[in-house]
Amino acid sequence: MFRFLKAMFARKCPQPIWQIGGLYATSLESRRIGVLKILNVDDHGVHVRVYSNVFESTPVSVDESTLYMAGQDRAEGEQMGMGHLPISFRSFVSWNAAFIQQSTVTDEELDGYGYWKDANGGYF
């Protein structure tokens, strides 16, 4: 499936559509913009880290040192962050993620992905 999607988008985009380490903007239910980072792409989906930061419009760039993930004890109305979220290609396409800038993926950021892989996890 990944090869099919990659080939389908290759005609429209001079570079790969989903870049590992890339920061992307996506619309939230609140009509604001959230930021995510692609941790990995495999044959079944995209693995992302979802940050709690929200923006009124799509940012041109992001100061990575300001990105954070709020957990269960987050403030009322604060966007929940997630260290690892496995998303099927079908679901991820519907997010209409827009590339902001390239970043890197650290070993620490891959911890959740490693646990998911060891558990033979599924996709949303």
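How many of the residues of β2 are buried? Nine of its nine residues are buried, so the strand is described here as mostly covered; buried stands for under 20% relative accessible area, exposed for over 50%, and partly exposed for what lies in between, with a 1.4 Å probe and protein chains only.

1. Basis. This is a predicted model, in which local features need pLDDT of at least 70 and side-chain atom pairs count only at pLDDT 80 or more, while totals for chains, interfaces and linings use all residues. Residues are numbered from 1 along each chain as its sequence is written, and side-chain values use heavy atoms, with hydrogens and water left out.

2. Overall make-up. The protein chain contains three helices and five strands. Read from the N terminus, its elements follow the order α-β-β-β-β-α-β-α. Helices (H or I, at least four residues) and strands (E, at least two) are DSSP runs, numbered from the N terminus. Of the 124 residues in the protein chain, 39% are buried.

3. The sheet. Five strands form an open sheet in the order β4-β3-β2-β1-β5, and the pairing is antiparallel. The edge strands, β4 and β5 (98-102), each pair on one side only. On average, neighbouring strands of this sheet are turned by 35° against each other, direction ignored; the axes are lines fitted to C-alpha atoms, and angles run from 0 to 180 degrees between N-to-C directions. Two strands count as paired if DSSP finds at least two bridges between them. In general, strands of a sheet pair through backbone hydrogen bonds, either parallel or antiparallel.

4. β2 and its partners. β1 and β2 pair in the antiparallel sense over five bridges, and Leu23 has Lys37 of β2 as its bridge partner. The hairpin of these two strands has five residues between them, and Arg31 there takes a positive phi near 70°. With β3, strand β2 makes an antiparallel pairing over seven bridges. Ile38 is bridged to Val48 of β3, and Leu36 stands opposite Val50 in β3.

5. β3. Nine of the 11 residues of strand β3 (residues 45-55) are buried, so this strand is largely enclosed by the rest of the structure. β3 also pairs with β4, in the antiparallel sense and over five bridges. Val46 has Ile87 of β4 opposite it.

6. Nonpolar cores. The largest nonpolar core has 12 residues: Trp18, Tyr24, Leu36, Ile38, Val41, Val46, Val48, Val50, Leu85, Ile87, Phe89 and Phe92. At least two residues of this core come from each of β2, β3, β4 and α2 (89-94). Another core, of eight residues, lies apart from it and includes Leu23, Ala25, Val62 and Ile100. A nonpolar core is a set of buried Ala, Val, Leu, Ile, Met, Phe, Trp, Tyr and Cys residues joined through side-chain atoms within 4.5 Å.

7. Largest pocket. The volume of the largest pocket is about 290 Å³. Its lining has 13 residues, and the closest to its centre are Ser27, Leu28, Val50, Gln79 and Trp95. β1 (22-27), β2 (33-41) and β4 (82-88) each supply at least two residues of this lining, and β2 gives the largest share, three residues. By type, the lining has eight nonpolar residues, four polar and one charged. Here Ala, Val, Leu, Ile, Met, Phe, Trp, Tyr, Cys and Pro count as nonpolar, Asp, Glu, Lys and Arg as charged, and the others, Gly among them, as polar. On a 1 Å grid over the protein atoms alone, a pocket is an open set of points where a 1.4 Å probe fits, with protein on both sides within 12 Å along at least five of seven lines; lining residues have an atom within 4 Å of a point. The volume is the space filled by probe spheres set on the points.

8. Pro59. This residue is found in the loop between β3 and β4. Pro59 is buried, with a relative accessible area of 13%. Pro59 and Gly34 are 25 residues apart in sequence, and their C-alpha atoms are 9.6 Å apart in space.

9. Positive phi. Most residues other than glycine have a negative phi. Asn96, not a glycine, has a positive phi of about 50°; Asn96 is found in the loop between α2 and β5 and counts as exposed at 61% relative accessibility. Asn120, also not a glycine, has a positive phi of about 55°. Asn120 is found in the segment after α3 (111-118) and, at 69% relative accessibility, counts as exposed.
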